[in-house]
Amino acid sequence: MNNGLTKGESETAIRNAVIKFEQEFMGRGPTEVKAFILRDMVVVRLKGVLTPAERQLAKNAEGVDMVKRMRQNLISQGRERLCSQISATGVEVTGLFTDIETHSGERMIVFTLESDLDNSFR
């Protein structure tokens with residue numbers, strides 16, 4: 001299922017797919033992205049995802065809620081596209097979970113997979 005790639009190459013392919021999605025669907029890319037394959041999950045950590053306007057909004061509780069709702073809505077609308085980009089790397093995605101930390105400007109995305117991808121590298 002890893003298409004002959006090493007674990008590091010697979011993580012890089014997933015990282016690049018997430019960056020492409022962020023740039024094309026969200027309108028801008030994060031400043032840093034790391035992807036980690038952990039058994040039947042992929043954990044992606046994105047830094048610098050908030051726009052200047054979102055950082056301004058997130059200065060109070062109401063704004064934090066607004067930014068989180070908007071980002072969740074955008075991910076929901078782009079879910080199929082994002083999952084298909086990840087699946088194109090050779091892993092079949094069964095679930096997507098995400099949250100954003102507005103104070104640090106980081107987002108975590110967790111993809112659950114149909115099988116243990118980690119085992120295919122051994």
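Which residues line the largest cavity? In this predicted model, the lining is made up of Lys 68, Arg 71, Gln 72, Ile 75, Thr 98, Asp 99, Ile 100 and Arg 107.

**The cavity**
- The structure has 1 cavity of 30 Å³ or more, and the largest cavity comes out at about 40 Å³ in volume.
- Two elements, H3 and strand E3 (93-101), each give two or more residues to the lining of the largest cavity.
- H3 is the top contributor to that lining, with 4 residues.
- Sorted by class, the lining has 4 charged residues, 2 polar and 2 nonpolar.

**H1 against H3**
- As for handedness, H1 passes H3 in a right-handed crossing.
- On the H1 side, the contact uses Ile 14, Ala 17, Val 18, Lys 20, Phe 21, Glu 22, Glu 24, Phe 25 and Met 26.
- Facing them in H3 are Arg 71, Leu 74, Ile 75, Gln 77, Gly 78, Arg 81, Leu 82, Gln 85 and Ile 86.
- By class, this contact has 10 nonpolar, 5 charged and 3 polar residues.

**Where the two topics meet**
- Arg 71 and Ile 75 are among the H3 residues that meet H1, and Arg 71 and Ile 75 also turn up in the lining of the largest cavity.

Definitions and conventions. Residues are numbered from 1 along each chain as its sequence is written. This is a predicted model: local features need pLDDT of at least 70, side-chain atom pairs count only at pLDDT 80 or more; totals for chains, interfaces and linings use all residues. Side-chain values use heavy atoms; hydrogens and water are left out. A crossing is left-handed if the near helix is turned anticlockwise from the far one by less than a right angle, and right-handed if clockwise. Contact means heavy atoms within 4.5 Å. Ala, Val, Leu, Ile, Met, Phe, Trp, Tyr, Cys and Pro count as nonpolar, Asp, Glu, Lys and Arg as charged, and the others, Gly among them, as polar. On a 1 Å grid over the protein atoms alone, a cavity is a set of points where a 1.4 Å probe fits but cannot get out, and a pocket is an open set with protein on both sides within 12 Å along at least five of seven lines; lining residues have an atom within 4 Å of a point. Grid points are joined across faces, edges and corners, and a volume is the space filled by probe spheres set on the points.
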